[in-house]
Amino acid sequence: MTAVNISVIGGTGYVGLVTGLGLSEIGHQVTNIDIDQDQVNQLNSGNCPIYEEGINPVLKRNLASGRLKFSTDLESSIKGSHVVFIAVGTPSLPNGNIDLSQITEVANQLRLCIDTYKVIVIKSTVPAGATKLIRKILTDGVQGDRFDIVANPEFLREGNALADFFFPDRIILGGDSDKALSIIKSIYEPIIERDIFVEGIDNPPKEPYLVPVIQTDIASAQIIKYASNAFLATRISFINEIAEICEQVNADIKEVSKGMGYDSRIGHSYLEAGLGFGGPCLEKDLSALINTVNQDECETELLRSVLNRNDKQISSVVKKIERLLDKSIHNRTIGVLGLTFKQGTNDIRNSLSIRVIEELHKHGAVVQSYDPVVKNEILAIHANVKPCDSAYAAAENADALLILTGWKDFLSLDYQKIHSSMANPCIVDSRNLLNPSDMIALGFKYLGIGATGHDS
C-alpha cells in the first residue's frame with residue numbers, strides 16, 4: 001500500500017475522529033481539521049474527549065508516530081492533501097429534514113483551497129442529491145477536472161467504532177470516476193485484504209476472504225446508508241411491539257427472540273426488546289429518509305410507524321412505573337441508572353434516557369440519576385436532576401429504580417443493599433438486564449419489557 005496524504009474535515013467529531021485514527025493506523029499521513037481549537041489542542045496532547053474502547057492507545061500511538069495531527073488550518077491542510085474526507089455533522093431540522101449548513105460551509109471553503117486534483121470523500125450522512133449541491137458550490141470556483149466526489153458512508157456503532165472501521169462487513173463506494181474510486185479503494189487496501197492487527201482493541205479471527213467492496217453510483221451509496229439504518233430501526237420497533245403482545249399473553253420476549261433468531265432468514269441481531277432506539281443516527285436517518293421523498297408520490301407509512309412505535313416506548317416505561325406505584329408518580333422520587341443512549345459510550349445525544357426523564361418531570365416526579373461515564377453533563381440539560389456519584393446513591397430513598405442503559409456495571413451491584421436503601425423497592429428494567437426471578441427473590445417488585453408481570 002502506498003501512503004496517502006489525507007485531510008479529515010470535522011476531525012474532532014465522532015465519525016471524523018474515528019476515520020482519522022483508522023486511516024493513520026493503517027499507514028496514511030492524516031490531518032484532522034476542526035474549528036474547535038480547544039478540542040484540537042486536547043487531542044494533539046493525546047487526550048480524547050470521546051469514550052470508546054481502545055481509542056486512547058490508538059490516538060497516542062499515531063500522534064507519536066507522526067502519522068496523525070490535529071489542526072484548525074484548513075487551507076494549508078487541504079493544499080497538502082491528495083484526498084479530503086468530509087465528516088461534519090448533519091443534524092436534523094425541526095421538520096425532520098437534514099441541516100446541510102455545515103456541509104455547504106465546508107464546500108464554500110474547499111473551493112478556495114483546491115489547487116491540484118483532489119478526491120473529496122463524503123463520510124457525512126447526507127440525503128441523495130446533496131452531492132449535487134456540493135458539486136455546484138465547488139464548480140463555482142474550481143475547474144471541473146480538479147476534483148472528483150466519492151460517497152463513502154460510515155457504519156460505525158458507538159462503543160465499537162474502531163473495530164467497525166478496521167473490520168467492516170462491507171465498504172460502500174459511490175461515484176462516477178473510475179480514477180477516484182480506484183484511489184479510495186487503494187486507501188482501504190489493508191482493511192479490504194484483512195491484513196491488519198490493531199493493538200488496543202479486540203481483533204476478530206482473520207478471515208480467509210476479502211471485505212466486500214460495493215462500487216455503485218452516489219445516490220445508491222447514500223440510500224444504502226439510510227436504508228440500512230431504517231431496517232435496523234424497524235427491527236427494534238418490531239420486537240418492542242412483539243414484546244407488548246408477550247406481556248398481554250404471558251409470554252417471555254427473550255424466549256421469543258431466541259426462537260426467532262435461529263431462523264437463518266432473521267438472525268439474532270437487533271432483536272432485543274427494550275427502551276427503543278436513540279442516539280445520533282437511527283432516528284435522524286429514518287426521519288431524513290421519510291422526508292427525502294415527495295409524500296404525494298411515495299407514501300412512507302411503514303417508516304412512519306417505526307418512529308411512532310419508538311416514541312410509544314417512552315410512555316410505556318413511565319406507565320410501568322405508575323403501575324408499580326399505584327398510578328401516581330407526582331412528588332415520588334425515581335432513581336435512574338444510565339443516561340447515555342447505549343452502553344459503551346459517553347454520548348447523550350438524543351438519548352431515550354433523557355426523554356424518559358423529561359416525561360417523568362412532566363408527571364411531577366423527582367429524579368436522581370447515575371451513569372458510569374456521564375457526570376455533570378446532565379446538569380446542562382436538566383437542572384432539576386440530582387446527579388449521583390454511585391448507583392447506590394441514585395437508589396437511596398427512591399420510590400422506584402429505573403434502569404435505562406444496559407451498562408454491565410449494573411449487573412454486579414449489590415441489589416440486597418439497594419433494596420434496603422429504597423423507600424419502596426420497585427425496579428423497572430427497560431433493558432431486560434437483570435434476572436427477574438432473582439430480583440423478586442430479593443423482595444423487589446420488578447417489571448421488564450415483554451415478560452410476564454413481575455409485580456407481586
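Colleague: At what angle do helix 10 and helix 12 pack?

Modeller: About 115 degrees, with the axes 9 Å apart. This is a predicted model, by the way. Helix 10 covers residues 218–249 and helix 12 covers residues 282–292.

Colleague: Which crossing does helix 10 make in passing helix 12?

Modeller: A left-handed one.

Colleague: Which residues meet there?

Modeller: From helix 10, I223, K225, Y226, A227, N229, A230, L232, A233 and I236. They meet L282, D285, L286, A288 and L289 of helix 12. By class, that contact has 11 nonpolar residues, one polar and two charged.

Colleague: D285 is on that list. What does the side chain of D285 meet in a salt bridge?

Modeller: The side chain of K284, at 3.2 Å from N to O.

Colleague: Is D285 buried or exposed?

Modeller: D285 counts as buried because its relative accessibility is 1%, under the 20% cut-off. K284 is buried too, at 14%.

Colleague: How many salt bridges does the count come to?

Modeller: It comes to 18. One of them joins R61 and E25, whose closest N and O atoms are 3.0 Å apart. That pair links distant parts of the chain. R61 belongs to helix 3 (residues 55–65), E25 to helix 1 (residues 14–25), and they are 36 residues apart.

Colleague: Why does E25 count as buried?

Modeller: Because its relative accessibility is 16%, and buried means under 20%. R61 is partly exposed, with a relative accessible area of 25%.

Colleague: And R355, which residue does R355 form a salt bridge with?

Modeller: With D311. The closest N and O atoms are 2.7 Å apart. This pair also links distant parts of the chain: R355 is in helix 14 (residues 352–362), D311 in helix 13, 44 residues apart. D311 counts as partly exposed at 35% relative accessibility.

Colleague: Which residues do salt bridges with shared partners join into one network?

Modeller: E241, E244, R309 and K312.

Colleague: Which residue does V367 stand opposite?

Modeller: V385, in strand 11.

Colleague: Last one, N331. Where is N331 found?

Modeller: In the loop between helix 13 and strand 9.

Colleague: Buried or exposed, by relative accessibility?

Modeller: N331 counts as exposed because its relative accessibility is 57%, over the 50% cut-off.

Colleague: Leaving aside neighbours within four places in sequence, what is N331 in contact with?

Modeller: G364 and A365.

Colleague: And how many residues separate N331 and G276 in sequence?

Modeller: They are 55 residues apart in sequence. In space the distance is 27 Å, C-alpha to C-alpha.

Methods
Residues are numbered from 1 along each chain as its sequence is written. This is a predicted model: local features need pLDDT of at least 70, side-chain atom pairs count only at pLDDT 80 or more; totals for chains, interfaces and linings use all residues. Side-chain values use heavy atoms; hydrogens and water are left out. Two strands pair if DSSP finds at least two bridges between them. Helices (H or I, at least four residues) and strands (E, at least two) are DSSP runs, numbered from the N terminus. A salt bridge is a side-chain nitrogen of Lys or Arg within 4 Å of a carboxyl oxygen of Asp or Glu. Buried means under 20% relative accessible area, exposed over 50%, partly exposed in between (1.4 Å probe, protein chains only). Axes are lines fitted to C-alpha atoms, for helices over the stretch in contact, and angles run from 0 to 180 degrees between N-to-C directions. A crossing is left-handed if the near helix is turned anticlockwise from the far one by less than a right angle, and right-handed if clockwise. Contact means heavy atoms within 4.5 Å. Ala, Val, Leu, Ile, Met, Phe, Trp, Tyr, Cys and Pro count as nonpolar, Asp, Glu, Lys and Arg as charged, and the others, Gly among them, as polar.
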